[in-house]
Amino acid sequence: MSQPPSDPGSAPGDAPTLDEVARLAGVSRATASRAINGGIRVSPGARAAVESAVQTLGYTPNPAARSLVTRRTDSVALVVPEPDERVFTDPFFVHTLRSVNRVLMPRDLQLVLLLARPGEEERRMLRYLRRRHIDGAIVVSHHSGDRLAEHLASLALPCAFVGRPWTGADKVAYVDTDNTAGSRLVTQRLIDRGCRRIATIAGPVDMAAGIDRLEGWRSTLRDAGLPDDAVAYGNFTEVGGQEAAVELLAKHPEIDGLVVASDLMAIGAMRVLAEAGRRVPDDIAVTGYDDLEIAERANPPLTTVRHPVGEMAEHATRLLLEQIEGVREPQPIRVIFPPALVVRASG
């Protein structure tokens with residue numbers, strides 16, 4: 001039986017080389033490299049010959065050499081400008097991480113998690129992105145001060161945002177839900193059940209979602225001719241919800257409805273209400289936002305707005321991959337998911 005040609009300088013048992021593939025296929029080494037790595041300017045006949053040679057020899061491309069040709073790292077960054085202790089405990093981020101990875105895994109792409117608070121951490125992260133250690137970035141939970149949309153657009157780095165950027169939304173692709181409409185849904189729900197003194201625990205004022213959800217609450221109350229002065233602010237955490245609820249009860253003990261801008265904050269607020277002897281929903285109706293798993297397990301189960309976090313993260317990841325793979329040019333694209341009211345026992 002004839003044996004495949006071997007490299008004169010190679011020892012028996014050595015892995016086949018690119019030169020061997022080129023010789024067997026009858027093409028130049030450069031053509032073989034372009035065919036193996038998906039390059040252009042390769043005729044169909046040459047590509048078929050190279051593929052046949054690769055199969056015959058059992059050739060496996062060298063990842064480092066492939067990277068030089070394709071200029072790809074086969075890795076994608078998930079950028080989260082939040083403290084690491086929050087990212088690994090908040091179900092919102094856990095769900096986002098799983099959803100992004102679900103899209104990347106079948107494509108054999110590596111996920112790199114970048115956590116960056118304002119200051120030196122953020123500057124270090126931007127240096128990392130500028131040096132193109134990754135092929136693109138997905139950004140979630142961004143704030144007004146980070147200006148990540150502008151930074152990434154100026155780098156011409158493929159990117160997609162989960163949630164509307166505070167600034168630079170006209171420069172990047174992003175996937176969001178209609179936070180204002182979602183907040184209007186839960187506020188109207190409390191009005192319809194008879195609440196007339198409805199307070200809110202709003203999200204951070206440096207995040208688009210926080211401002212939009214506050215506006216939805218405020219505009220719905222104004223349309224109904226009800227006061228909109230009972231406002232406290234939290235940071236989308238249970239502790240933030242607890243602290244805001246204490247503030248609201250001290251300033252506005254007469255409230256009979258509470259619209260909370262996240263499920264986690266609503267859980268914290270209901271703990272404070274229980275300690276104060278306020279029954280939910282008999283004395284005060286409470287709603288959340290996000291429809292995370294904890295909403296259904298709450299006591300009582302939480303009326304909330306379904307925020308399709310998983311679908312949004314998956315869609316943003318696909319938008320990013322289209323840019324990386326050249327299917328779509330990096331450009332501002334807006335995809336908005338509709339919110340949905342989920343009625344449970346709390347309100």
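The model is predicted. Four strands form an open sheet, in the order E7-E6-E8-E9. Helices H11 and H12 cross at roughly 45 degrees.

**The sheet**
- Pairing in the four-stranded sheet is parallel.
- Strand E7 (231–233) and strand E9 (285–287) form the edges, and each pairs on one side only.
- On average, neighbouring strands are turned by 15 degrees against each other, direction ignored.
- Strand E6 (residues 198–202) runs parallel to strand E8 (residues 257–260), and four bridges join the two.
- Ile-198 has Gly-257 of E8 as its bridge partner.

**Helices on the sheet**

**The H11–H12 pair**
- The axes of helix H11 (residues 238–251) and helix H12 (residues 263–275) come within 7 Å and cross at roughly 45 degrees.
- H11 is therefore oblique to H12.
- The crossing of H11 and H12 is right-handed.
- On the H11 side, the contact involves Glu-238, Gly-241, Gln-242, Ala-245, Val-246 and Leu-249.
- These meet H12 residues including Leu-264, Met-265, Ile-267, Gly-268 and Arg-271.
- The residues of the H11–H12 contact divide into nine nonpolar, three polar and two charged.

Conventions:
Residues numbered from 1 in each chain as written. Predicted model: local features only at pLDDT ≥ 70, side-chain atom pairs only at ≥ 80, totals over all residues. Heavy atoms only, no water. Pairing = 2+ DSSP bridges. Axes fitted to C-alpha atoms, helices over the stretch in contact; angles between N-to-C directions. Parallel < 35°, antiparallel > 145°, perpendicular 65-115°, else oblique. Left-handed = near helix turned anticlockwise from the far one by under 90°. Contact = heavy atoms within 4.5 Å. Nonpolar A, V, L, I, M, F, W, Y, C, P; charged D, E, K, R; others polar.
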